[in-house]
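Please look over the sequence and the model shown below before reading on.

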Amino acid sequence: MTALAGPPPALDGRRAGVRLRAVQMADAVALAALYRENRAYLRPWEPERGEAYFTVDGQRDNLRELVEAYAAQEMWPGVILVDGEVAGRITLNNILRGPLQSCFVGYWVARAHAGRGVATEAVRQAMDVAFGALRLHRVEAFTRVDNLASQRVLERNGFTLVGTARRHIHLDGRWHDERFFERLAPWDDGFTLAPPA
C-alpha cells in the first residue's frame, strides 16, 4: 500500500501531528486494541460486531478485505495517526467512476482524541486524497441526526447539508434517521468530468 507523503504543515488552525495513511496488515494489533478500548464509546455509531472483530485475528480478516477493496479501487481505507500512533479510522467508501466520480466518507476517532480537532483534520486530509489522488468530483457523508460533533466536523470541511434520510441505518438495536451531507471538488465548474492532469 502507498502511504501519503509526510504530515501536513500545521497552518490555518490545523491540528499538528495528525496524518493519514492507507491501512496496512501490520495495523491489526493496534486496531484491535483501539477497538477494544473504545467498544462502548463507538457502540451508538458503529454496526453491531461479533466478538471476533475485537481480536487481532478479527482485525487481520477485516484488513485483508479492506486491502483487497483498495487494490480493486473500490475504496481508500485509512488509519488516522496522531503523533505516529493509530488513533482512529477513515475510509473513502464505494468509489464510483464513470459519470458519478464519487464516494462517501466514514470515520471515527478514539475517545482519548475526541474534541481536539483530530477528526476535522483527518477529514480535511481525506478530501485532499479524494479530490487529488483519486480525482473524484463529489464526496458524500451521513451522520445520525443526534451526532452533532460529526456534523460539525463535516461543516468545518465545507460539506453542505442536503437533507435527512429517514430510518437510514440500523445501529445500537434500532433504525436511525441520518443527515446527508455533500461536498463537491474545488475544481468543479459544472461541466468538467475530471480535474486537469
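Leaving out residues up to four places away in sequence, Val105 touches Ile90, Thr91, Leu92, Asn93, Met127, Val139, Glu140, Ala141 and Phe159, where contact means heavy atoms within 4.5 Å. This is a predicted model, in which local features need pLDDT of at least 70, side-chain atom pairs count only at pLDDT 80 or more, and totals for chains, interfaces and linings use all residues. Residues are numbered from 1 along each chain as its sequence is written, and side-chain values use heavy atoms, with hydrogens and water left out.

Val105 also belongs to the largest nonpolar core, which has 33 residues and in which Ile90, Leu92, Val105, Met127 and Phe159 have the most contacts. A nonpolar core is here a set of buried Ala, Val, Leu, Ile, Met, Phe, Trp, Tyr and Cys residues joined through side-chain atoms within 4.5 Å; buried means under 20% relative accessible area, exposed over 50%, and partly exposed in between, with a 1.4 Å probe and protein chains only. The elements that give two or more residues to this core include strand S3 (85-96), strand S4 (102-109) and helix H4 (118-133), and H4 supplies the largest share, 9 residues. Helices (H or I, at least four residues) and strands (E, at least two) are DSSP runs, numbered from the N terminus. Apart from this core lies another one of 17 residues, with Tyr35, Tyr53, Leu66 and Trp108 among them. In soluble globular proteins, nonpolar side chains tend to be buried together.

Which residues of H5 are buried? They are Ser150, Gln151, Val153 and Leu154, and, seen down the axis of H5, the buried residues fall within an arc of 155°, so they line one face of the helix; the arc is that of the directions from the helix axis to the C-beta atoms. What covers the buried residues of H5 includes S4, H4, S5 and strand S7 (174-184). Just after H5, Gly158 takes a positive phi of about 80°.

| Residue | Location | Relative accessible area |
|---|---|---|
| Ala22 | strand S1 (residues 18-22) | 2% |
| Asn38 | loop between helix H1 (28-37) and helix H2 (39-42) | 4% |

Ala22 and Thr91 are 69 residues apart in sequence, yet 9.0 Å apart in space, C-alpha to C-alpha. Asn38, leaving aside its neighbours within four places in sequence, is in contact with Ala110 and Arg111.

The chain as a whole has 5 helices and 7 strands, and along the sequence they follow the pattern β-α-α-α-β-β-β-α-β-α-β-β. The radius of gyration is 16 Å, close to the 16 Å that the globule rule gives for 197 residues, so the chain is as compact as a globular protein of that length; the radius is taken over C-alpha atoms, and the rule is 2.2 Å times the number of residues to the power 0.38. Of the 197 residues, 43% count as buried. Among contacts between residues at least 6 apart in sequence, 60% join residues at least 24 apart.
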